[in-house]
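I opened this notebook to keep track of what I looked up, going from single residues to the chain as a whole.

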Amino acid sequence: MSARSLNKVMLIGNLTRDPNIRYTGNSTAVASFGIATNRSWTPADGGDKQERVDFHNIVAWSKLAEICGQLLHKGDKVYVEGRIQSRDWKTESGEVRKVTEIIIDNMMLLSGGQRGAKFDDGGASEDS
């Protein structure tokens with residue numbers, strides 16, 4: 001029997017850009033946007049307070065993608081939940097590129113027009 005695994009990501013952060021909505025060949029909506037998360041800590045040796053910002057690439061599919069496109073704007077605070085996925089491709093010049101993304105299936109707007117509104121894709125996510 002093989003061991004089970006878990007790929008679950010939960011983030012609360014601020015949008016770094018408005019969602020970019022596009023459609024696949026079969027008219028499935030895809031939204032991509034960025035989220036910044038920050039943390040701060042004080043070193044154990046009593047040094048100055050440290051801060052770090054991490055940037056995350058977020059992708060939503062289908063109805064959730066359309067909702068993200070309608071409701072989310074740069075600067076909004078949002079909760080997203082999904083899985084981490086990496087993919088790579090070759091550029092026209094033959095260079096290999098790699099990106100790591102969070103494919104979301106739940107989203108909750110924490111600030112902005114629909115404060116506290118929660119949305120999910122109903123299990124209708126699609127792999128890229």
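Before anything else I wrote down the cut-offs I would need: a residue is buried under 20% relative accessible area, exposed over 50%, and partly exposed in between. I also noted that I am reading a predicted model.

I began with R52, which bridges to D54 with the closest N and O atoms 2.9 Å apart. R52 has a relative accessible area of 42% and is therefore partly exposed, while D54, at 25%, also falls into the partly exposed class.

I then turned to R87 and E101, whose side chains form a salt bridge at 2.9 Å, N to O. Because R87 belongs to strand β5 and E101 to strand β6, this pair ties together parts that are 14 residues apart in sequence.

For E95 and R97 I recorded a salt bridge of 3.4 Å, N to O. E95 is partly exposed with a relative accessible area of 41%, and R97 is partly exposed as well, with 39%.

Which way does β3 run against β4? I found that strand β3, residues 29–41, and strand β4, residues 50–61, pair in the antiparallel sense over twelve bridges, with G34 standing opposite N57 of β4. Strand β4 also runs parallel to strand β6, residues 96–109, and three bridges join the two; there I noted I103 in β6 as the bridge partner of V59.

Entry: the core. The largest nonpolar core has 20 residues, and those touching the most other members are F33, I58, C68, L72, V80, I104 and M107. When I asked which elements supply this core, I found at least two residues each from β1 (9–15), β3, β4, α1 (62–71), β5 (77–90) and β6.

Entry: the whole chain. Of the 128 residues, 34% count as buried. Taking contacts between residues at least 6 apart in sequence, I noted that 56% join residues at least 24 apart. Last, I looked up the accessible surface of the chain, which comes to about 8,400 Å², with 46% of that belonging to carbon and sulfur atoms.

Methods
Residues are numbered from 1 along each chain as its sequence is written. This is a predicted model: local features need pLDDT of at least 70, side-chain atom pairs count only at pLDDT 80 or more; totals for chains, interfaces and linings use all residues. Side-chain values use heavy atoms; hydrogens and water are left out. Buried means under 20% relative accessible area, exposed over 50%, partly exposed in between (1.4 Å probe, protein chains only). Contact means heavy atoms within 4.5 Å. Accessible areas come from the Shrake-Rupley method with a 1.4 Å probe; for residues, only the protein chains shown count as cover. Two strands pair if DSSP finds at least two bridges between them. Helices (H or I, at least four residues) and strands (E, at least two) are DSSP runs, numbered from the N terminus. A nonpolar core is a set of buried Ala, Val, Leu, Ile, Met, Phe, Trp, Tyr and Cys residues joined through side-chain atoms within 4.5 Å. A salt bridge is a side-chain nitrogen of Lys or Arg within 4 Å of a carboxyl oxygen of Asp or Glu.
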